[in-house]
Number of protein chains: 2
Amino acid sequence: MSTDPRLDRLAETAIRVGLGLAPGQELVMTAPVEALPLARLITEHAYKAGASLVTTLLSDDVSALARYKYGREESFDTASGWLFEGMAAAFRNNAARLAIVGDDPTLLSGQNVEHVSRANRARSKAYRPALELISSSAINWTIVAASTPAWAKAVFPDDAPDAAVAKLWDAIFKASRVDNDDPVAAWAAHNKTLHARCDFMNGHRFASLHFRGPGTDLKVGLADGHAWMGGASPAKNGIMCNANIPTEEVFTTPHMLRTEGYVAASKPLAHQGTLIRDIRVRFENGNIVEAHASTGEEVLNRMIGTDEGARRLGEVALVPHANPIGQTGILFLNTLFDENAACHIALGQAYAQCFENPNLPEDELTRRGANRSLIHVDWMIGNAETDLDGIKPDGAVVPLMRQGAWV
Amino acid sequence: MSTDPRLDRLAETAIRVGLGLAPGQELVMTAPVEALPLARLITEHAYKAGASLVTTLLSDDVSALARYKYGREESFDTASGWLFEGMAAAFRNNAARLAIVGDDPTLLSGQNVEHVSRANRARSKAYRPALELISSSAINWTIVAASTPAWAKAVFPDDAPDAAVAKLWDAIFKASRVDNDDPVAAWAAHNKTLHARCDFMNGHRFASLHFRGPGTDLKVGLADGHAWMGGASPAKNGIMCNANIPTEEVFTTPHMLRTEGYVAASKPLAHQGTLIRDIRVRFENGNIVEAHASTGEEVLNRMIGTDEGARRLGEVALVPHANPIGQTGILFLNTLFDENAACHIALGQAYAQCFENPNLPEDELTRRGANRSLIHVDWMIGNAETDLDGIKPDGAVVPLMRQGAWV
């Protein structure tokens with residue numbers, strides 16, 4: 001792949017559009033070892049943009065799996081806190097953060113669910129200080145994707161390995177808008193569209209949203225003083241960044257106690273190595289009171305049992321069904337892509353910056369309904385049959401989407 | 001290579017002999033990305049031995065090189081202090097340390113010497129807190145080697161790439177004593193031999209050593225109350241470990257002010273990506289006062305200019321010329337191997353535990369002659385013509401080696 005000009009454009013887009021990396025800034029990158037060719041090109045573009053140092057932490061699925069195969073019972077509550085604390089220290093020192101994702105969505109499917117859950121919990125807890133700096137956009141950050149053999153096989157099980165990897169790369173390049181000569185200009189135009197959508201939603205100041213579709217009748221109350229975000233936005237260090245490449249969503253913070261009704265996922269959720277299918281959930285007063293899935297129900301229940309906030313919403317996002325990702329018709333089994341093909345909600349931690357005042361203190365965020373949790377898990381609820389209304393504080397109803405398209 | 005039983009034995013030897021990894025202990029491993037097959041097997045053996053967590057930091061030469069190709073002038077004084085501080089925190093929390101080496105010995109040969117020197121200096125400074133915990137054996141640690149294409153090509157430039165990699169693996173397996181059915185027993189016997197040599201040297205309580213050979217007439221005064229070490233030794237956390245696999249040396253701490261005379265290196269020194277050939281050095285009162293090399297002299301001079309202690313000895317080590325490594329006749333261009341083929345000295349930081357009392361405070365170490373420096377660089381001075389005498393405090397001379405062999 002190293003000679004494909006799209007790979008180099010993806011690397012350049014990651015640095016220039018995704019991060020907006022500033023001269024003199026350090027970069028901390030994580031990547032699956034199979035994504036090394038992309039990581040190398042990103043490293044090259046980072047130094048060309050003036051990076052003071054690029055450090056790449058490569059992960060390896062085989063080594064990760066060895067823990068569940070051979071590790072002892074008492075070992076599953078351990079996490080590499082020293083490494084996560086180190087990353088947090090780098091971010092406090094204004095390092096930018098880039099993640100390349102390309103995980104095998106079914107890596108841990110066959111492993112002991114309790115072990116996986118305990119290890120994830122320990123990891124989430126250790127990672128929290130670093131994650132808070134990312135999710136509060138203290139620094140510029142971005143996520144891009146690389147096609148890897150295991151991920152490609154899960155997405156295209158009927159293709160030969162090399163063909164599957166190539167097909168997934170094609171889809172990534174298209175979704176990431178680098179299949180043209182000037183991706184930086186393409187992203188500027190796309191950001192303009194997303195910003196206009198945010199302006200529209202912010203102008204209305206809705207109190208809640210009402211989703212209807214097959215298996216879904218859900219009212220999502222929005223946080224007091226919430227603001228819609230989407231596309232490029234400034235991190236607190238002043239640098240404009242696109243935190244997801246690709247991105248198609250506009251999103252905001254729901255009120256953690258004001259979601260009512262039932263909702264059916266419109267796509268399977270690949271969660272930490274397990275595929276959860278046909279999620280159906282019912283909310284009362286913002287809390288999940290019933291949760292079902294046709295496969296992976298135990299993983300789902302452990303996930304929402306992580307802490308009090310794991311049963312509540314931390315994000316709601318609007319995505320028209322017709323967009324470059326949805327149009328591929330591919331089920332990517334990866335949140336970065338699938339969440340940008342459909343309207344979605346996330347359980348867990350809210351984004352503190354989705355408020356008219358993006359610098360609210362913790363207690364004020366809670367008062368306005370922003371959720372807190374160790375987790376932040378997006379899952380897809382929109383499809384070509386989704387109808388969406390906005391409801392104003394006075395009860396007035398504004399049709400927003402019909403059959404998955406903006407009205 | 002993953003089906004070669006010697007690779008699995010090397011992994012098992014690294015965990016059981018090298019580290020003596022304790023159940024419940026965390027492991028921090030570093031490895032070149034090309035050594036991933038060995039790193040995976042080591043991870044497997046670590047979990048089988050009861051590791052609580054294995055974290056592997058993979059390094060990539062292409063990414064490392066990108067910094068020198070594309071980095072800006074002001075960037076070369078930066079180091080990933082957050083990562084090194086994280087490693088130090090892991091060691092303070094009793095994590096074990098394993099390094100797989102397999103570096104390209106000529107990676108940085110063509111790069112700007114001043115940039116390389118500044119980057120190394122920044123790295124050494126940032127790494128110091130972690131390195132001190134290793135070099136003082138606060139925790140159990142070990143180094144093993146993996147054959148990589150770039151290293152193998154430097155060692156066997158006339159062979160085809162695959163043949164070179166296979167030949168280097170053969171040499172590594174032989175030197176690491178895993179080319180037999182029971183490497184753990186082979187290492188027990190070898191440790192016994194090395195311990196007997198230490199006992200012999202410690203029994204004599206020499207004041208100094210006198211090396212003679214082609215281009216060499218060097219008197220190395222030993223630190224007051226020094227002790228000889230070699231083979232397995234207990235770390236301060238109580239765990240017996242073999243810090244180098246392979247190892248053939250017995251070594252101690254010289255007095256930093258008591259080395260006199262001249263010495264010629266018997267092999268080229270591969271130092272941080274540059275090959276330094278034909279080192280010739282003269283000492284007065286422990287300090288280098290003249291330094292020459294036929295290639296890499298600028299790198300040599302920058303190295304000894306790192307700090308005051310970089311011009312002084314921190315280690316002297318005795319290795320008979322006839323041993324499994326020397327017998328291969330291979331110039332490995334890697335200190336782990338070449339230093340174990342020949343008597344050697346090291347410039348820079350001394351080992352605090354090479355004393356009869358291995359827990360001396362810093363000021364007492366200095367009083368006894370232990371050197372301090374950001375660097376610790378071993379280079380080879382012994383060969384088949386080396387004669388070595390031990391000199392007692394009363395001036396009595398004891399012949400120790402003749403023509404590279406123990407008397």
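Modeller: Arg177(B) and Glu248(B) are both buried (under 20% relative accessible area; exposed is over 50%, partly exposed in between; 1.4 Å probe, protein chains only). This is a predicted model: local features need pLDDT of at least 70, side-chain atom pairs pLDDT 80 or more, while totals for chains, interfaces and linings use all residues. Residues are numbered from 1 along each chain as written, chains are lettered from A and ligands numbered from 1 in written order, and side-chain values use heavy atoms, without hydrogens and water.

Colleague: What do the side chains of Arg177(B) and Glu248(B) meet in?

Modeller: A salt bridge puts a side-chain nitrogen of Lys or Arg within 4 Å of a carboxyl oxygen of Asp or Glu. Arg177(B) and Glu248(B) form one at 2.8 Å, N to O. Arg177(B) sits in the loop between helix 7 and helix 8 of chain B, Glu248(B) in the loop between strand 8 and strand 9, so the pair ties together parts 71 residues apart in sequence. Helices (H or I, at least four residues) and strands (E, at least two) are DSSP runs, numbered from the N terminus.

Colleague: Which strands form the open sheet of chain B?

Modeller: Strands pair if DSSP finds at least two bridges between them. Here the order is 9-15-16-17, antiparallel. Strands 9 and 17 of chain B are the edges.
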